[in-house]
Amino acid sequence: MVSPILVIALTLFLAFSIPLLHMLSKKLPPFVPPLATLINLWILITNIKHVGEGAMLITTAGLKPPIAINLAIDKFSLLFAILIQVIGFLLSIYYLSQERKDMRFYMLFLLNILGASGIVMTGDLFNSFVFLEILEISSFGLVASGKDKKALEGGFKYMMIGAIGSSLYLLGIIVLYLSTGTLNMAHIAKLMPSIPDSVKLFSSILFLIGIGVEVELFPLNAWAPDAYQGAMDEISTQLSSIISKTGIYLAARIFLTIYGGLYATNIIFYLAITTFIVAELAALMQKNVKRMLAYSSVGQMGLLMLILSVFAKRGDVFVLTTAILLALNHAFGKGLLFLSLGSLTGNTRNYDIEDLKGAGRANPVLGFLFATGVLSIIGMPIFFGFWSKISLLISIMKANLMYLLALLLLVFLVELYYYANVIVNLFKGEGKKYRIGVIPVSVMLLFALSLIVFGLWPHPVFKIAQNAAASLMERSMYISSILGGM
Amino acid sequence: MAMFLLLLIIGLTGLLAFILGPIKVLRNIISLIGAIGGLLYFVFKIRPGQAYALNIKIYNVHFGTGMSALSIFFGIILLGLFLIFLIASFHEDNDGAYYMFSFFSLLGALGVLFAKDLISFFFFFETMSLFSFLIVLKGNGETSHRSAFKYVMWSAFGAYAFLLGTFLKVNYTHSVMITDISYLGGNIKLWILILLLTPFMVKTALMPFHLWAPGAYTDSKDTYTVFLSGGLSKIGVFGYFIALFNVFSQIAVLYPWLLKVFAYIGAITASLAGIYAFMQDDAKKLLAYSSISQLGYVAVGFGVYSHFSVVAALFHALGHAVFESLLFLVVAGVYYRTKTHDLRKMGGLIKKMPLSFIGLLFGIIATSGIPPTIGFPSKWLLYEAIILKNDLFLVSLVFFASITAFLYSYKLIHSIFLGKLHKEHEHIKEAPFGYGFGIVVLLIPLFVLGTNPGIVVKPIDYIVRFYLKPDLAYNLTNMTTPLGHVNFPAIGITMTLLFTLSFIIYLIFGKSYRAAQEDNYTATEWIDKDFGLHYGGEFYGFMRKAFGKPLTWSFEKILNACLKVVSFLGEIARGFYMGDARVYLFYIILFFAIIVYIMGGKL
């Protein structure tokens, strides 16, 4: 067994060794991120069998919790950590095909992965804030690293909103610390019954806004379309596949594990529905395909938050499993969409729907990749998205929210409308042919194949998602495995 | 297991066809073997009552694939038509992906027939819609993209309605299986029934859900239209049966008005689509509307809901599969030679393409329901069933629809095969083997079942007898209903004899002289030999004047108004995201204030 703490230490070390390596040879930095993520992946995989019921505790400084900072990894965190490394690895391979003079980009990328992995593995609330800051600040940099004005605009907006969000998050932590005197997540969770209701409520509102920015909840998500649109395509992938998924993890961990159920469930429930509807309607009118995908991402995040709040209303392990399936589908599907859209435009950054005419017919492989992403996102059969969508509907049915189900189906029709429009446009008339390298295509093929293979054979993913969901549900197990005994 | 293996065979063949895409000969052979093998496997291995469950663990939903006799009935139609489509399609310039999509759409359709529970029903239904959408998208028409878009949107509309119905049913009965819901309390069962019926009304293009059909039928590749119209629309008929009998067996007791509405919708569809059909100048569009019109009869049959009206409906579904496919196939063959679907640009092809002419001739005879073809028994039964219901208005509507069938049939055959030959068509040959083969093969059931309907009525009766009180006596060639008795071969022979007799009388006494195809009367005006004088341009132009007003009424306008409302909402939603950073910060502060205000009382 290799200690998972190495994931954090090694990534940090490799990130800061990039400038040194750059001095040695200018060709070395691009190879560091794939190496780092691959090692991380290996470390995490060796740990799979050690994570049993409850959480695996990794102490630092030789002190037992709740004293020192420690990592607490249960199956839910492990799943997200592995997801982050897999997407990170694929993306870093993708970067190998690009000429990039600035080695600082690779540092930012690794720091971003570090922040995300840190958030999903830590067992300490303040520590999670630190990692959140690392994640956000590196994201601002990544978004703004595009070469044009749009990128800077998106990065700036993201930074402004993100900074407010994370400071409110910190405020929430402070409020909890004042009333419990501890920062350990498990310990706070254990002391939760003794906290006065008003404190619980106030702190959960602060957390709601802090995390709401990350998970793109309705009034807090105004930055998202600009950031997604402005960022380079790979960074948009990272935003939708890694960064926003980290937000979901944080939401689940804080509201479900620490609070033991969503406080202000109804508020989140209605906000999530609004997010979904507003985003899908906004996408309907969008002529810029990338911004359309951005809205669609926001909408999908709304769905995810919706399903979490449905879980809080009617707890059922199936509902949580659904949330994980949706997250996985979105991570792979939307990631694939952003990547292949970039190639379909020939990296010209011109995403107008009219200019994409015939691009899919001229580049059949890219057309296939994009179509796979779309079909999985809209939940067509034989793609993985079908199962996540069906289980979403089943969960909502089980919670007896039939009106919501009808509403969702109506909005899915809107979603299909704009996606079908793009697909039809891609295969209309003659387009320009683009040369693309072997590396990007094979990376995208991996994304697409995973969607198709697990669409046809979903058992293993179900099993994994179910285990992860079960471990997230076992709140008392989490607490007792960290603090020892009840 | 057999059903699962069949689906596997079909799916793998499609995949192989895609992989072998560039090597044309090998690809064609493989897909032919797959299709024939599938058909043989189906005929010899699949029996009623078989069941197989593929366990997708997490839902505890079994992918039950059980069989009923009805599934076998429709399965043979589907696989047979697919084979005919496949052989003809080798003449077209298609790539491997095209064959993969078509095999997958077949797989979806067969899966629907096999499904025992509603979720797997939905799964296969969506598979079928998805891949037929992709095929329409690959079509050759200039508007094929628009058509494909409409097709997928309508299919999805139907599918989502079905899904809502499914979940409503599961929520109330706690079972995803296709089981009877008529014992449920309250009005929810009515909604479930209507929702479950929606996708099938879309699939059979019942008005007002027909808006996708003319486009999709016209713009899909010619040979695939044979399968799309003849084959895949049968899934809709299958669905009617499932919804009206298996899911809601007590409909005649509980909601007789719904059946009446259904019958009227069918009759109106049959008449209106018939009118639309003879207004068309595009051969495929004409046939598309004809197809919609003919499927309207099927809906009437289900709506009348007596034993032999349902038998007639199912028989007509089979008939539709035979003669509509035949017509589409002939038009495909003509297109292969002339490169046009425009009726105004064709004419006089009778001597150039005699086999196609014969195919079309008997095709339209069957469409009009004249003995001794397959169109006759079903229409005869259907009329009797409606007359027994004493619904005179319905009878007149259906009769009117039959008249329109005569009109568009005549337009079709006249514009393509009769009259003056166009100069550029002088060197045209008969359609190639693939098309001819299909025409000959389809002519066999056209006559055999037209004179011996008992072959098919027996299994259909076996299916329907289970649900409705039988009031039809029959053997191989005879049928007896409460209204009377009919002997099909006798009628066929009489009809043929009468026709021959009048033809002979016409030959002997008719005042006519043999005119060459180029010989035209032009009233003192001397015209060039290659001046087109074929009467195809304003065919039934006077009808257009007569029916002009109703033709401008369109369901599409209502739809567009809805779309406008949604677009307006979309603009509002988009406006939210148009600000700069200060505006977004303001949102957050406002949000914080509102939340604290709402929750304030509890703090």
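In this predicted model, 46 residues of chain B are in contact with 50 residues of chain A, two residues being in contact if their C-beta atoms, placed from the backbone, lie within 7 Å. On the side of chain B that touches chain A, helix H5 (118-137), helix H6 (144-173), helix H21 (555-576) and helix H22 (581-599) of chain B each supply at least two residues. H6(B) gives the most, with 14 residues. Sorted by class, this side of chain B has 35 nonpolar, 6 polar and 5 charged residues; Ala, Val, Leu, Ile, Met, Phe, Trp, Tyr, Cys and Pro count as nonpolar, Asp, Glu, Lys and Arg as charged, and the others, Gly among them, as polar.

Residues are numbered from 1 along each chain as its sequence is written, while chains are lettered from A and ligands numbered from 1 in the order in which they are written. Local features need pLDDT of at least 70 and side-chain atom pairs count only at pLDDT 80 or more, whereas totals for chains, interfaces and linings use all residues.

Chain B is assigned domain 1 (1-246), domain 2 (255-509) and domain 3 (553-602), with bounds from an automatic or database domain assignment. Taken over C-alpha atoms, the centres of domain 2 and domain 3 of chain B are separated by 53 Å.

Helices (H or I, at least four residues) and strands (E, at least two) are DSSP runs, numbered from the N terminus. Strands E3, E4 and E5 of chain B form an open antiparallel sheet in the order E3-E4-E5. Strand E3 (473-474) and strand E5 (484-487) of chain B stand at the edges with a single partner strand each, so one side of each has no neighbour in the sheet. Two strands pair if DSSP finds at least two bridges between them. E3(B) pairs with strand E4 (residues 478-481) of chain B over 2 bridges, and B:Tyr474 has B:Met479 as its bridge partner in E4(B). E4(B) and E5(B) pair over 4 bridges and form a hairpin with 2 residues between them. Here B:Met479 stands opposite B:Val486 in E5(B).

In chain A, helix H5 (residues 125-144) has 20 residues, which at 1.5 Å a residue should span 28 Å; its end C-alpha atoms are 29 Å apart, which agrees. The expected span is 1.5 Å times one less than the number of residues. H5(A) is mostly covered, with 14 of its 20 residues buried (20 or more other C-beta atoms within 10 Å of the residue's own; exposed means 12 or fewer, partly exposed in between, with C-beta atoms placed from the backbone).

B:Leu12 is found in helix H1 (residues 2-19) of chain B. B:Leu12 is partly exposed because 14 other C-beta atoms lie within 10 Å.
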